[in-house]
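Welcome! Here is a short briefing to read with the model open beside you.

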Amino acid sequence: MCGIFGIYNHRDASELTYLGLYSLQHRGQESAGIVSSNAERFLSKLGEGEVQEVFSKEDLIKLDGKIAIGHVRYSTYGASDIRNAQPIVVKCSKGLLAIAHNGNLVNAKILRNKLEKEGAIFQTTTDSEVILHLISHSKEKNIIESLKKVLPQLKGAYSLILMTPTALYGIRDPYGFRPLIIGKLSNSYILASETCALDIISAKFVREVEPSEIVEIKDGELKSYKFAHTTKRSLCIFEYIYFSRPDSILCGQSVYNVRKNLGKTLYIENPTEADVVISVPDSANSAALGYAQISNIKFDFGFIRNHYIGRTFIQPKQKIRDFSAKIKYNPVKDVLKNKKVIVVDDSIVRGTTSKKLITMLKYAGVKEIHLRIASSPIISPCVYGIDTPTKKELIAANYNVEEIRNFLGVNSLYYISLKGMIESTNLKEENFCLACFTGDYPI
Ligand code: AMP
Ligand code: SF4
């Protein structure tokens, strides 16, 4: 899970990239970086932590030039290390190149071993650097021809933004696992992971980069090339459930509306009467609201979330029970005491968060807890760029719903059906990757 942004032809390119990354912060908080091009050289600033920690006003002034790309990173493949921060810059046979990647290659190790045997020296442990090496090694002089040779060798998920000193490229893998969109602001082009990054700079949405497409933005124009055939679209359905911001539009569907539909479907599939509907904020807010609206049970804030837990937070020496959940969530006793409560969450991964939250609700004096999950049971790990644990740690891979209900200590537990989850998106099943719910991997 990462966020990427690029802008072409704007005198405040790095400043707008900073704003774009700010609105994509939810996609990664581990590191952030911007590389700008002033047509002759690249300037870059990368650092650990959130966007506002990494860049100062002075940094943005130094990052001059009319093209810039940026990245916020959430580590998956490749260790958590500042050397793995992106965008990655190289000077190679094709000149200066910078790359920002969202996704995960499933054949990165094989490609990397092959390149190393041929003498390539890697600076990072990311699979994104593999792509740069392949471009550098390709015999084609022209960047588009080189991409057409290199991209079909990559297997897995990749939405890429590539920058040369005078051009910007947007690329989406043939399956379209991760989003990538095109925007416009006067005579400037923008590439970004999500539409919320266009809203913050008042840019207009143009269209999505299609699976198997390379868009080249050069000499003031946008050109489109295909590098493969798309046989199976596989947009990650988790983008709707959890990753994308609810104010983004993805594949023509408002993420907010999809989440509300998920909540409505949860009620329709398993109507349960109660005194109040609460959410696990913020990711389940819209689903809980959908549940409340269709059921006519009032929605209330049962948990207050603290948004200010930074990277440098000092863990207490003294052991405090359920601390990792307590620092983030606190129950509102007035809303909960002696109430029959519907709790809506977007997903259960390991089950540890839910377990702690349920304990907190019991302390707050609830009468009954009915847990409703706006995604189907996660039974298989993701290999396409989402940080999910191994099968051993995925609670639904090892226990059935009744066993999970018992472990969590709730009166009832209901997960939305796979069919209901897909229908809530208003899109057809064939558009999606559903591998973590079905174990059926598109690649
Ligand atoms: P767990 O304690 O592992 O069951 O975590 C479940 C919670 O983590 C849910 O409430 C989700 O909102 C959130 N979540 C789901 N998937 C991810 C992910 N890949 N990375 C971080 N948080 C996630
Ligand atoms: Fe998304 Fe799950 Fe597919 Fe990974 S396996 S891309 S999280 S739907």
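This is a predicted model: local features need pLDDT of at least 70, side-chain atom pairs count only at pLDDT 80 or more; totals for chains, interfaces and linings use all residues.

Residues are numbered from 1 along each chain as its sequence is written, chains are lettered from A and ligands numbered from 1 in the order in which they are written, and side-chain values use heavy atoms, with hydrogens and water left out.

**Around ligand 1**

- The shell around ligand 1 holds 15 residues, and the closest are Asp346, Val349, Arg350, Gly351 and Thr353; a residue is near a molecule if one of its heavy atoms lies within 4 Å of it.
- By type, the shell has six nonpolar, five polar and four charged residues (Ala, Val, Leu, Ile, Met, Phe, Trp, Tyr, Cys and Pro count as nonpolar, Asp, Glu, Lys and Arg as charged, and the others, Gly among them, as polar).
- Helix H8 (238–243) and helix H13 (352–363) each give at least two residues to this shell; helices (H or I, at least four residues) and strands (E, at least two) are DSSP runs, numbered from the N terminus.
- From the side chain of Asp346, an N or O atom sits 2.6 Å from an oxygen atom of ligand 1.
- Gly351 places a backbone N or O atom 2.7 Å from an oxygen atom of ligand 1.
- For Thr352, a polar side-chain atom is 2.9 Å from an oxygen atom of ligand 1.
- Taken alone, ligand 1 exposes 500 Å², and the protein buries 86% of that (accessible areas come from the Shrake-Rupley method with a 1.4 Å probe).

**Helix pairs**

- The axes of helix H9 (residues 255–269) and helix H10 (residues 285–295) come within 6 Å and cross at roughly 50 degrees; axes are lines fitted to C-alpha atoms, for helices over the stretch in contact, and angles run from 0 to 180 degrees between N-to-C directions.
- That angle makes H9 oblique to H10 (under 35 degrees counts as roughly parallel, over 145 as roughly antiparallel, 65 to 115 as roughly perpendicular and the rest as oblique).
- Helix H4 (residues 108–117) and helix H5 (residues 128–137) have axes that come within 10 Å and cross at roughly 45 degrees, and H4 and H5 are therefore oblique to each other.

**Backbone details**

- Most residues other than glycine have a negative phi, and most peptide bonds are trans.
- Asp219 is not a glycine, yet has a positive phi of about 50 degrees; Asp219 is in the loop between strand E12 (213–218) and strand E13 (221–226).
- The peptide bond from Gln86 to Pro87 is cis, with omega near 5 degrees.
- Pro281 and Asp282 are joined by a cis peptide bond, with omega about -5 degrees.

Key: A polar contact is a pair of N or O atoms within 3.5 Å; within protein, one must be able to donate a hydrogen and the other to accept it, and residues adjacent in sequence count only if both atoms are side-chain atoms.
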